Protein chains: 2
Amino acid sequence: MARLISLVENASPQLREVMAALAPLVSGARIPHVVGLTGSPGVGKSTSTNALVAALRRTGARVGVLAFDPSSPFSGGALLGDRVRMSDHALDDGVFIRSMASRGHLGGLSWAAPQALRVLEVAGCDVVLVETVGVGQSEVEIAGLADTTVVLLAPGMGDGIQAAKAGILEIGDVYVVNKADRDGADQVRRDLRTMLRQSERDSGAAAAASGDARWSAPVLATVASEGTGLDEVAEALAAHRAWLEERGDLVRHRVRRSREEIEAIATTTMRAQWRASGRLAALDDLAEQVARGESDPYAAADLLLADAGTDLTAG
Amino acid sequence: MARLISLVENASPQLREVMAALAPLVSGARIPHVVGLTGSPGVGKSTSTNALVAALRRTGARVGVLAFDPSSPFSGGALLGDRVRMSDHALDDGVFIRSMASRGHLGGLSWAAPQALRVLEVAGCDVVLVETVGVGQSEVEIAGLADTTVVLLAPGMGDGIQAAKAGILEIGDVYVVNKADRDGADQVRRDLRTMLRQSERDSGAAAAASGDARWSAPVLATVASEGTGLDEVAEALAAHRAWLEERGDLVRHRVRRSREEIEAIATTTMRAQWRASGRLAALDDLAEQVARGESDPYAAADLLLADAGTDLTAG
């Protein structure tokens, strides 16, 4: 499994064959519950993931963990320091943990994550936790990928307006205030509940009109370093999964992931073709012309696409 | 200018003509200094941007501000609360401020930002501050776009390991510890300096071998809410600009931005073509087959590209 995921991480040419070989195995597999975990640096995300894995294992689930590290486009590899804390599960063969480099913005998370998920699906994972560092674009991508998004917060990490600014009120299915033994934790939970209820009221009329039963996101409290409160998080995840399953959303989400996967692969293939052989030099020339104002980016893009179209037909 | 940037934000079909019309004006314009501002929610980014605009205005520079809000793919529009703090500059016609929605991961920052920058360049901005919320993928993109990246930190936002995890040691040209009047600020500066010097030593041998003069990133202190320390930030930005200019990097960066702009436009055009007319339905069918294991994503991507190639040639 680790070797297969390395192929994904390294964008190996062999992936093409591997994914073709895996396809028949997908049909027999149970659809895994893909859970995105997100939150600012410092909220205790790795510790929470570790403790949540333990809680999920107590329910008998096979668990996969994919951690995406946005620093890797620069460092050339994920920092593994936080993985050490996962060593609790090193000898448990019902747990698979992998820290992956997200591959810059060329394909990125949307390219690698669905293929890595496919490997974990075939391997029989019941739940896959997908963890990213930071609040930003990668969270937006995770929210698009996951069935359930868990947003982690901690006291002292910025006030409610900051939370609203970071857009987290719109992506969370389950909220967890970690470090709940610290000052201000109750206040964070109260503020968050108030903001969530307000946000639900704002969009409630539309939902009521469509007859759509809404999910009301719980706001839970944990002390991940002591393992406190994680069973409640696991229960909330199971409840959200059941809610999704009832509505056919688990199946729909898997189709959506496949659609994004296909688009990401097609786009990356396309760009690889542009970059191949003479096209890369042509792009450099075009870029210089655009930078100097001798051409505009749309005209340049048309030239690039016209070339690509020709080559595609020829090949 | 605001209307032109709205066209970018809304991905208007008119952009094609607008960019063609702007191209000749680019050649006469001074290359603007593109400064990316990044940091976790809660570090005081909006307040810092506001105070930095004031400091830059004192040097006589015309200043543009583009704020990208990753929450917008969900909310359909940027939250404007933080823009209120910018009202100091509302009547100053040497300042242009715009909060933009980043358009999900379809094109995203790499599509919109260079075109918005082009508008500001033609309008004669000497400095453009590009602000994003959060630390993550969008920061990686900003670092690729900007000439100079300013990383903002604040005491109490997580320890040094968290900073290293978020990859900020590799993207900053200037570090600013805001809220420097709070407990722990000196410690954050010291830790950061130690980590930066270590990181510089690690990569120093390679740089020395290539004879490349390295930029040593300063670690400054500000209290943005009182306007303290921002003149030093403006000086550090000017110093970094001069350093870049001396090495020809300002010109090179502008070419790099154009290259990414062309690629982003070409990719988005391509994907729009896939999504158009019958192709969208075909993609949905392919996605269902892949999700059920009846096909694999590479085979599906090939079909999508083959179709696209045919249509491109026909068109």
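Reader: How do helix H1 (residues 2–9) of chain A and helix H2 (residues 15–28) of chain A cross?

Author: Helices (H or I, at least four residues) and strands (E, at least two) are DSSP runs, numbered from the N terminus. Axes are lines fitted to C-alpha atoms, for helices over the stretch in contact, and angles run from 0 to 180 degrees between N-to-C directions. In this predicted model, the axes of H1(A) and H2(A) come within 10 Å and cross at roughly 130°. That makes H1(A) oblique to H2(A), because angles under 35 degrees count as roughly parallel, over 145 as roughly antiparallel, 65 to 115 as roughly perpendicular and the rest as oblique.

Reader: Which residues make the contact?

Author: Contact means heavy atoms within 4.5 Å. From H1(A) come A:Leu4, A:Leu7 and A:Val8, and from H2(A) come A:Leu15, A:Val18 and A:Met19.

Reader: What do I need to know about the numbering and the values?

Author: Residues are numbered from 1 along each chain as its sequence is written, and chains are lettered from A and ligands numbered from 1 in the order in which they are written. Local features need pLDDT of at least 70, side-chain atom pairs count only at pLDDT 80 or more, totals for chains, interfaces and linings use all residues, and side-chain values use heavy atoms, with hydrogens and water left out.

Reader: What is the phi of A:Lys179?

Author: A:Lys179 is not a glycine, yet has a positive phi of about 55°. A:Lys179 lies in the loop between strand E6 (174–177) and helix H8 (185–210) of chain A. In chain B, the phi of B:Lys179 is also positive, near 55°.

Reader: How many helices and strands does chain A have, and how many of its residues count as buried?

Author: Chain A has twelve helices and seven strands. Of its 315 residues, 58% count as buried. Among contacts in chain A between residues at least 6 apart in sequence, 78% join residues at least 24 apart.

Notes
Buried means under 20% relative accessible area, exposed over 50%, partly exposed in between (1.4 Å probe, protein chains only).
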